[in-house]
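Please read the following walk-through alongside the sequence and the coordinates, moving from the overall build of each chain to individual residues.

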Amino acid sequence: MGVIVILIIASVLVAGGFLLAFLWSVKTGQMDDDYTPSVRILFEDELIIKKKEIL
Amino acid sequence: MQVESFQYDNKTVRNFAIATIIWGVVGMTVGLWVALQLVFPTVLNLQPYFNFGRIRPLHTNAVIFAFVGNAMFMGIYYSLQRLLKARMFSDVLSTIHFWGWQLIIVAAAITLPLGFSTAKEYAELEWPIDIAITLIWVVFGFNMFATIIKRRERHLYVAVWFYIATFVTVAVLHLVNSFELPVTLFKSYSWYAGVQDALVQWWYGHNAVAFFLTTPFLGLMYYFLPKAANRPVFSYKLSIIHFWALIFLYIWAGPHHLLYTALPNWAQSLGIVFSFMLIFPSWGGMINGLLTLRGAWDKVREEVVLKFMVVAVTAYGMSTFEGPMLSLKSINAVAHFSDWIIAHVHIGGLGWNGMLTFGILYWLIPRIYKTQLYSKKLANIHFWLATLGILFYAIPMYWAGWQQVSMWKQFTPSGQLKYQFLETVTYMAPFYAMRALGGALYLTGAIIGMVNYFKTIGQGTLQANEEAQAPALEKAYTRHHGEHWHRWIERRPTPFLLLSLVVILIGGLVELVPTFLVKSNIPTISSVKPYTPLELQGRDIYTREGCYTCHSQMIRPFISETERYGEYSKAGEFVYDHPFQWGSKRTGPDLAREGAGNLKKSNTWHYNHLEEPNAISTGSVMPSYSFLIDHNLDTSTTPLKINAMRTLGVPYAADYASKANQDLMIQAKGITDDLNKDGIKVPPNKEIIALIAYLQRLGTDITKK
């Protein structure tokens, strides 16, 4: 069952990578605001084009 | 702050959208074909290229990598640019990514019917294509990460995290599972053998479901569902928890595909625990999706895009409820190998991936073409055909799957198995027909959708480069004098993370795998010997023809299985199996002990059965393999194959490669002489002889003293 070791290494590396990404995201404030991102994605593109037309 | 003007690339999005539509219809048509092959086996199996065993991998690869793959890229290229307020990093890379992926699909569509197959489920493509997939995947990842780096929006919306997880994990899975030794240009042997290969394969297989069919589509759900409903997601906090919980749990769930097999018990238990826990993040995501529509259900009545998405998210909820349940040992003991699983995966495939893809297409195509949808009515017809199609598909399969297992397991009061295997096959016939009807409804919907999409495209003009404006990203951090060197790394965590991951993985694998695995192939059962050259060639015909799509080679330790198939399978029996052929489905009976005990049949029986299965077993759905009687066995590959096996640790003598073909002919003559006694005249150099030799070898080792 040697391959289990390899799979565990690969899985732990992936999980470890995600853990680092998670710590990074917390540290850099990615998670600080848990409301506005959900609204921000709704305001986009179309508005900008309208603004250009006015200009 | 300076506002920058830039343009979104809609052309690549359009290209992936059209590829999604076309490959979707192609993949589903092939699906309907294989479904009908089980209803009309003698009519629709066109040997050798279009037999079930070669076409089913074509269906699965087409719908997973062509339909869902292109849909994923379409959605990512559209949403990523807008979420990051940046054009994709490089148009050249986008173009290479698009055409590279289409070439891979075309290569798959050509090589699979030709029989070039690694015989590992959902990873059937041979080694040159595996390398191409790796390169194109890196192009995609590089393009995505470079875009993330030059983004104008500091916050990474949850969808972006899902895309990142998809890229990283699929890359690792593909690398580990595709570790194979090329023998010729289109033939390779898996580096792993037997139990090891099975474990790697299902670690890959389950995570392919997780990170190719689930995480990218959850990312798409978190972008396109709120956009289509014009409401923020129910809880952004929940979406973050959903993401991190899901990816940390998913990678450990693979062993639930191997319950009650020769896999060590602790690994099975680990898989079960993580599989069960998965219900929490999965349902968290489903609830988050559905509750996004709270107070907007009136829109669902009006808006066809939302209808598709609601069914998609509901199907996601159903299949992620079923998944953890099926991972429980007692339920798995019943459902595994049966047609129940076929229903389960199609709830996910048709419901979750299919419906979400169609919904996104209905939303996105009018937008990038600056026009209205050609026909709302046709879209509604598509919706109802697809929804009913899923039900007509799944319900007969659930019902029949349950019945099928009951028949496999039933004993008479005197302790005999109540049903012959063939009786369970003929019992399934009407259900297979109903399933094909469900598939036909779904496909009809998809074709109507295709017409609607193309009519919409025809009446609009593509806005290939969409104008956009956003303020530049403010530097969050300025380097100050005398800081430590590692600060640089801390500021660039993502590329660094990726780089180190790739480096460690490749280095580790290259060093570890060969020494490690070759050593652990030392047999624990001394009577288990390597295949003879003829059997090895026969085994390669078995894998080429995709026999594993219907026949398992894994007898689980249940009385109903040991009574029917013989002694349960031991890990030590598979040490020379590159690749393993345990299978995942019993449309036909298990073949692990086809050459031993009560199941042993004469060479003549095998010859006649392969030539015309229905003549021997009335009601059999197996295709005819009479072409094997005409095809000459290519013995020029024998020395190469023996040497490759030696490299993988199979203990043939050092100079055996040069003598192998002599042994091969002696064994082949023995079989033809035996067939001759029954009046069958066939030269020994035909493929059917090799396949018979392999089938007669199956399961015999442990009976030898």
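Predicted model: local features only at pLDDT ≥ 70, side-chain atom pairs only at ≥ 80, totals over all residues.

Chain A has an average pLDDT of 76, with 76% of its residues scoring at least 70. Within chain A, confidence is lowest in helix H3, residues 46-54, where the mean is 50, and highest in helix H2, residues 36-40, where it is 87. Chain A contains three helices and zero strands, and its elements follow the order α-α-α from the N terminus on. Of the 55 residues that make up chain A, 22% count as buried.

Chain B, by its element count, has 26 helices and four strands. Its radius of gyration is 27 Å, close to the 27 Å that the globule rule gives for 705 residues, so chain B is as compact as a globular protein of that length. Taken along the principal axes, the C-alpha atoms of chain B fill a box of roughly 90 × 65 × 45 Å. Burial in chain B reaches 52% of the 705 residues. When contacts in chain B between residues at least 6 apart in sequence are considered, 84% of them join residues at least 24 apart.

The next topic is the nonpolar interior. In soluble globular proteins, nonpolar side chains tend to be buried together. The largest nonpolar core holds 216 residues, and the members that touch the most other members are Leu199(B), Phe308(B), Met309(B), Ala312(B) and Tyr442(B). Helix H7 of chain B, residues 194-229, supplies the largest share of this core, with 23 residues. Because domain 1 (305-471) and domain 3 (533-703) of chain B both give residues to this core, it lies between them. For Met309(B), leaving aside its neighbours within four places in sequence, the contacts are with Leu225(B), Ala228(B), Leu356(B) and Gly359(B).

The domain division itself gives chain B a domain 1 (305-471), a domain 2 (492-520) and a domain 3 (533-703). The C-alpha centres of domain 1 and domain 3 of chain B are 35 Å apart, and the contact between these two domains takes nine residues from domain 1 and twelve residues from domain 3. On the side of domain 1 that touches domain 3, the elements giving two or more residues are H15 and helix H16 (421-459) of chain B. Of these, H16(B) gives the most, with four residues.

Leu664(B) is found in helix H25 of chain B, residues 656-677. Is Leu664(B) buried or exposed? With 24 other C-beta atoms within 10 Å, where 20 or more are required, Leu664(B) is buried. Not counting residues up to four places away in sequence, Leu664(B) touches Pro533(B), Leu534(B), Gln537(B), Thr635(B) and Thr638(B).

Some backbone features of chain B remain, and they fall in loops. The peptide bond from Gln47(B) to Pro48(B) is cis, with omega near 0°, and Pro48(B) has its place in the loop between helix H2 (41-44) and helix H3 (52-84) of chain B. A cis peptide bond also joins His578(B) and Pro579(B), with omega about -5°, and here Pro579(B) lies in the loop between helix H20 (559-565) and helix H21 (603-611) of chain B.

Two lysines have a positive phi although neither is a glycine: the value is about 55° for Lys85(B) and about 50° for Lys370(B). Lys85(B) lies in the loop between H3 and helix H4 (91-111) of chain B, while Lys370(B) is placed in the loop between helix H14 (340-368) and helix H15 (376-409) of chain B.

How values were computed:
Residues numbered from 1 in each chain as written. Chains lettered and ligands numbered in written order. pLDDT = per-residue confidence, 0-100. Rg over C-alpha atoms; globule rule 2.2 N^0.38 Å. Buried ≥ 20, exposed ≤ 12 C-beta atoms within 10 Å, placed from the backbone. Contact = placed C-beta atoms within 7 Å. Core = buried A, V, L, I, M, F, W, Y, C linked by C-beta atoms within 7 Å. Domains from an automatic or database assignment.
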